[in-house]
Amino acid sequence: MRAIAISRCAREHGNTPFGCLLVDINGNILLEQENIEITERDCTGHAEAALMRKASQLYSKDFLWQCTLYSSAEPCAMCSGAIYWGNVGRVVYVISEKRLRQLTGSHPQNPTLDLPCRQVFASGQKDIIVVGPLPQLEEEAVKVHEGYWK
Ligand SMILES: Nc1nc2[nH]cnc2c(=O)[nH]1
């Protein structure tokens, strides 16, 4: 899955191992985004938030509602907010926030929130479709995190 490959690139480039991409209704890849929080010294530099900043500059809200954001891991509350405000209509993720929390533990670099993206979206006013976690891809995605959260 492309989002997992992007998460591997993020780690290779010195960032936390997360990646995502935006795909239109016809399956065309519009944007790809690695996590940039370390190299850019940006606490909001999660892959999904960074992608949403670019997406909202390039595309209309009506267009983005027809798009899907694929992510290597479940969007955190901040990124879910960006997806909500940016108006992307569908999200697919591999690793759940719960599993991520087991991986990162209490690592100060990633004090993972125990707040599923579905819960964030359910507090809003639109029906964003959420697919995930994806058990058949989860181990491949988890592998990219191996040895990182020490
Ligand atoms: N899903 C996701 N979770 C994160 N936790 C820390 N950074 C990230 C990121 O870029 N994406």
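## The nonpolar core

Four residues, Leu22, Leu51, Leu69 and Phe121, touch the most other members of the largest nonpolar core, which has 33 residues. Such a core is a set of buried Ala, Val, Leu, Ile, Met, Phe, Trp, Tyr and Cys residues joined through side-chain atoms within 4.5 Å, where buried means under 20% relative accessible area, exposed over 50% and partly exposed in between (1.4 Å probe, protein chains only). Two or more residues each come from β1 (19-23), α2 (47-58), β3 (68-73), α4 (77-86), β4 (90-95), α6 (117-122) and α7 (135-143). The largest share, 5 residues, belongs to β4. Helices (H or I, at least four residues) and strands (E, at least two) are DSSP runs, numbered from the N terminus.

Let's look at Leu22: its contacts (heavy atoms within 4.5 Å) include Leu51, Ala55, Leu69 and Val88, not counting residues up to four places away in sequence.

## About the model

This is a predicted model, in which local features need pLDDT of at least 70 and side-chain atom pairs count only at pLDDT 80 or more, while totals for chains, interfaces and linings use all residues. Residues are numbered from 1 along each chain as its sequence is written, and side-chain values use heavy atoms, leaving out hydrogens and water.

## Meet Lys54

Lys54 sits in helix α2 and counts as partly exposed because its relative accessibility is 38%. Not counting residues up to four places away in sequence, Lys54 touches Leu31 and Gln33. The side chains of Lys54 and Gln33 make a polar contact at 2.7 Å (a pair of N or O atoms within 3.5 Å; within protein, one must be able to donate a hydrogen and the other to accept it, and residues adjacent in sequence count only if both atoms are side-chain atoms).
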